[in-house]
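Here is a set of questions on how terms are applied to a structure. Each reply sets a value against its definition.

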Amino acid sequence: MDKKLFDMKDLDIAWCPGCGNFAILTALKEALTELELKPEKLVMVSGIGQAAKAPHYFKCNFFNGLHGRSLPAAVAIKASNPQLTVIAESGDGCTYGEGGNHFVHTIRRNPDITHLVHNNMVYGLTKGQASPTSQHGFKTPVQTEGVFPESFNPLALAISLDASFVARAFAGDIEQTKHIIKKAVLHKGYALVDILQPCVTYNKLNTFKWFKENTANLEESHNPHDRMEAFRKATEGEKLPLGIFYLHPKPIFEEELVAYRENREPLYLRRPDLTKVVNIIDSKRGI
Amino acid sequence: MTKWNEDVSIVLCGEAGQGIQTVEHILTRTLKLSGYHVFSTQEVMSRIRGGSNSTLIRVSSRRVASFVDRIDLLIPFSPGAVKHLVNRISPETILLGEKKIYGNEYQGTRDIDVPLSEVALQVGSLIYSNTVAVGVLSGLLSVDPQILSDSLRTHFSGKEQETMNKNLEAAKRGYALGRDLLRNGKIHIEIQKTPDISNEIILDGNEALALGAVSGGCNFVPFYPMSPSTGVALFLAQHAKELGILVEQAEDEISAINMVIGAWYAGARAMASTSGGGFALMAEGLSLAGMVESPAVIHIGQRPAPATGLPTRTEQGDLLFALYAGHGEFPRVIFAPGTIEDAFTLTQRAFNLADKYQIPVFLLTDQYLLESHYNFPALDPSLIKLENHFVKTDPEYKRYLFTESVISPRGIPGFGEGLVVLDSDEHDEEGHITENLDIRTKMVDKRLRKLDQLQGEIIPPELVGPQKYETLVIAWGSNYHVVIEAMHKLGKEGVAFLHFNQVYPLHPETVSYLQRAQTTVLIENNATAQFGQVIELQTGCKLDKKILKYNGAPFSVEEIERSLKSFLN
C-alpha cells in the first residue's frame with residue numbers, strides 16, 4: 001500500500017486555514033489508499049463551491065463540472081463505463097440547493113456511485129449566505145432576520161426515497177469519516193455520506209465546538225436495515241447522530257440497463273453494428 | 001369532373017384519438033407497396049382526445065415531398081373537420097363521407113356520400129370507420145386487394161384474431177365502395193404506378209435522425225420528453241436492446257445535457273434531443289461543453305415559441321438561439337437537414353465532427369421535417385466511416401496540451417495510465433483550475449481557433465437550377481422540397497435556389513453565390529428572418545426580399561409559388 005499514491009506536489013489550496021475540507025480530504029485519501037484503488041481507475045465528479053475543488057488536490061481523474069450538476073455527469077460516467085469507481089463530491093449548496101432535483105432522481109436510479117456531501121450549513125465561496133441546511137434562525141448578511149425556511153434534512157429525504165446507503169460523518173473525526181467513506185465506496189449502489197464540517201469563516205454558529213457538542217454516534221444496537229428506525233434517527237433527537245443510518249441493497253441502475261444485458265463492454269469499446277442498423281432500415285420497406 | 005392522373009392530395013381530418021395516424025400509417029405504406037410515390041404530414045393539436053387533427057397524404061406518379069394547401073379529397077371524421085380546414089377547401093375539393101358526421105355548414109357541390117360509419121357499424125363498431133376509409137381510398141387508387149389485406153395483417157399482427165378479421169372485413173367493404181365510385185364515374189383517378197419503388201423505404205424525420213445517430217456511433221441518449229423531438233428517443237429506446245445502446249429518461253433537460261457531457265468524457269458518444277424550451281434549460285450545459293472542450297451532439301426539433309408556444313406545430317425560430325446560446329465565447333457547428341435523407345446523413349456526420357474538434361454540433365430540425373414521411377430508395381450507413389478521436393493516455397498525459405493544430409488529444413478515464421482532468425473553471429494544460437491570465441488568453445484562443453480549423457469541412461450550400469441566374473432564392477433546413485416544387489411549378493427562367501444544410505459557420509462560397517444574383521429572395525419559417533441575419537453578419541451581403549411565415553404551419557407549395565410570382569413580376 002503506497003500511502004503517497006494519491007498525493008500531489010506543489011499544491012496551492014484555495015481553502016481557508018482550519019477549514020473542515022482538509023480533514024475530509026485526508027479521510028478520503030486514506031480511505032482510497034486503504035481500499036487499494038488506483039488513481040487512473042477513479043473518477044471524481046464535483047460541482048462548484050469550495051468543497052467541489054477537492055478533486056484538484058489529489059491524484060485522480062476528475063470532472064469538475066457545473067454548480068449543482070455533479071450527479072447527472074457522475075451517473076453518465078458510471079453508466080458509460082461501469083468499470084470505473086465514481087465518487088461525486090460537492091457541498092451542501094451545490095448538492096441540496098442547485099442540484100436538488102438531481103439528488104432526488106439519482107437516489108431513485110441507484111447507480112453504483114458514492115456521494116460525498118461536505119455540509120457546513122452555509123455558502124462559503126459566495127461569502128456567507130444561507131444554505132439549504134442552514135439552521136432556522138441562522139443570521140447572515142442576506143438572511144438578516146435569521147433563516148426562515150425549514151432546514152433541509154438530506155438523510156431523512158434519502159431514507160424516504162429508499163436510498164441504498166445513507167450515512168452521516170463529522171469531519172472532526174477523521175478516523176470515523178474514513179471508515180464510513182470506505183463502506184460507502186464498497187457498497188454496491190448509491191451511497192450518500194453527508195459530512196458535517198465547520199466553515200471557519202462564515203458559520204459562527206455551527207463551529208467545531210458546536211458540532212462536537214451536538215453530534216453523537218449511532219448506538220451499536222442501531223439496525224441499519226430498519227427503515228422506520230433509520231428515519232426516526234434522521235429526524236429525532238437533540239444531537240445529530242453519526243454513522244450508517246440505512247442500508248438497502250437493491251438492483252443497480254447500470255446493471256439493469258439493456259445496453260449491458262448481453263454485452264458488458266464499456267461504451268467506449270463499442271462500435272455500431274451497422275448490419276443491425278441496415279436491418280432496421282430495411283424493415284421500413286414494409287408496413 | 002376532375003381527373004387526377006399525376007398527383008392527388010388526400011386529407012383525413014378528425015379528432016385526436018380517432019385513429020387518423022393509423023390510417024396515415026397503413027395507407028402510405030400500402031400505397032407505396034403498390035408502386036405510388038407518397039408523402040404525408042400531419043398537423044395535430046396539443047391534446048390527447050378531441051379537437052381537430054388532419055393528415056395530408058399526397059399520392060403521385062413522381063416523387064413528392066412537400067406540403068400543399070390543395071385538398072382534392074377530404075375525408076372528415078368529425079363534426080369540426082370541415083370548419084377546421086375551411087381555408088384549404090376549394091370548389092374542386094370533394095368531400096367523401098357522411099353529412100350526418102361532418103354537418104351541413106359546408107355547401108359543397110361535389111360531395112359524395114360514402115357510408116363509412118354505417119359500414120363500420122355493420123362490421124361491428126364505429127371504431128372500424130378508419131379501416132373502412134383505408135379500404136375506400138385503396139379501392140379508389142386501384143390497390144391490389146392482396147397488398148391491402150397483407151398490409152392489414154401485418155399491422156394488426158399483434159392483435160386478437162377477431163380484431164384482425166373485423167379490420168379485414170371493414171377494409172374489404174370499404175374497398176368495394178371505392179371501386180364503385182370509380183366504376184360509376186363519380187371520381188376519376190388514374191395515376192401511373194412505378195412498380196420499382198414498391199421496395200423503397202418510408203421514414204419520418206425523427207426515425208431518420210435516430211438512425212443517423214446510431215450509424216454515427218451514438219450509444220447514449222439521455223432525454224426529457226418534448227414535442228416534436230420525442231420521436232427520436234422513442235425510436236432509439238425501442239431499439240436500445242438490439243443495438244446495445246443506452247437511452248435514459250432524465251429528470252430534466254439540465255440533467256440530460258450534463259449526462260451527455262459526462263458520457264462523452266467517459267468515452268461514449270452521446271446526443272441530446274429536445275426542442276427550444278428544453279434547450280433553454282441546456283444552455284448552461286452547452287457552455288460547459290464549450291469550456292471543457294467536450295464533443296456534444298444536440299438535436300433541437302423546433303416548434304413555435306416563446307415559452308410553450310404551439311407545442312405540436314412548426315417553426316424555424318431557434319436558429320439564433322442555437323447560435324448564441326451559452327455564456328461565453330466558444331465555437332460550434334449548426335446543421336439544418338433539408339430532407340429526411342439529410343437528417344440521417346448529417347446526424348451521422350455530426351458525431352465524427354463533434355469528436356474530431358471537441359465541440360458541440362447542432363442538428364436543427366422542426367416539427368414539419370420530423371413528422372413528415374415520404375418514400376425514397378435507401379439509407380446507407382456505410383458511406384460515412386466512423387471516426388473515434390480519443391487516445392490512450394500515458395502517465396504524462398495533459399488533457400489541454402497546447403498543440404500546433406489547437407486540438408488536444410482527448411483521453412478518457414480508465415483507458416491508459418494518464419489522468420483525465422476536466423474543469424469548468426478556466427484551466428491549465430493539465431485541466432487544473434487556474435487564474436493565470438496569460439493561460440486564460442491562450443486557452444480562449446485555443447478554443448476559438450478550432451473554428452478556423454474546421455473551415456475545410458463546412459458543407460457548401462446546394463445550388464438548384466441554372467448556374468447563371470438573376471434571382472437567387474435562399475432557404476435552409478426543412479424548406480428544401482417545398483421551394484423546389486414551387487419553383488418547378490413557376491417555371492421561370494433565370495431563377496435559381498440556394499439551399500443551406502449547414503447554417504453556421506457559412507461556407508466561404510456563400511458570398512460569391514449572393515454577389516452573382518441581381519435579386520435575392522429569402523424564405524424562412526419565422527418572423528425575423530434569422531438566417532438572413534446570419535448571412536448579413538457573416539457575409540456583409542444584404543438580402544433583398546423576404547418571404548416569412550410564422551403561424552405555426554409549414555409553407556405550402558402554393559404559398560411559395562404565389563409569393564415568388566409576386567416578386568418576379
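The questions below go from a sheet to a chain contact, a helix and a pair of domains.

This is a predicted model, in which local features need pLDDT of at least 70, side-chain atom pairs count only at pLDDT 80 or more, and totals for chains, interfaces and linings use all residues. Residues are numbered from 1 along each chain as its sequence is written, and chains are lettered from A and ligands numbered from 1 in the order in which they are written.

Q: What makes strand 2 of chain A and strand 19 of chain B a pair?
A: Two strands pair if DSSP finds at least two bridges between them; a strand is a DSSP run of E of at least two residues, a helix one of H or I of at least four, each numbered from the N terminus. Three bridges join strand 2 (residues 61-64) of chain A to strand 19 of chain B, so the two count as a pair, and they run parallel. Within this pairing, Phe63(A) stands opposite Leu422(B).

Q: What is the order of the strands in the open sheet?
A: The nine strands follow the order 7(A)-8(A)-5(A)-6(A)-4(A)-3(A)-1(A)-2(A)-19(B), with mixed pairing.

Q: Why is one side of strand 7 of chain A and of strand 19 of chain B left without a neighbour in the sheet?
A: Strand 7 (215-217) of chain A and strand 19 (421-423) of chain B each have a single partner strand, so they stand at the edges.

Q: How many residues of chain B are in contact with chain A?
A: Contact means that C-beta atoms, placed from the backbone, lie within 7 Å. By that rule 60 residues of chain B are in contact with 51 residues of chain A. Helix 11 (residues 253-265) of chain B gives the largest share of chain B's side, eight residues.

Q: Why does the length of helix 1 of chain B agree with its number of residues?
A: The expected span is 1.5 Å times one less than the number of residues. Helix 1 (residues 20-33) of chain B has 14 residues and should span 20 Å; its end C-alpha atoms are 20 Å apart, so the two agree.

Q: Why is helix 1 of chain B called mostly covered?
A: A residue is buried if 20 or more other C-beta atoms lie within 10 Å of its own, exposed if 12 or fewer, and partly exposed in between, with C-beta atoms placed from the backbone. Eleven of the 14 residues of helix 1 of chain B are buried, among them Ile20(B), Glu24(B) and Leu33(B). Just after this helix, Gly35(B) takes a positive phi of about 100 degrees.

Q: How many residues of domain 2 of chain B are in contact with domain 4 of chain B?
A: Domain bounds come from an automatic or database domain assignment, with domain 2 at 203-383 and domain 4 at 460-568 of chain B. 24 residues of domain 2 of chain B are in contact with 22 residues of domain 4 of chain B.

Notes: Two residues are in contact if their C-beta atoms, placed from the backbone, lie within 7 Å.
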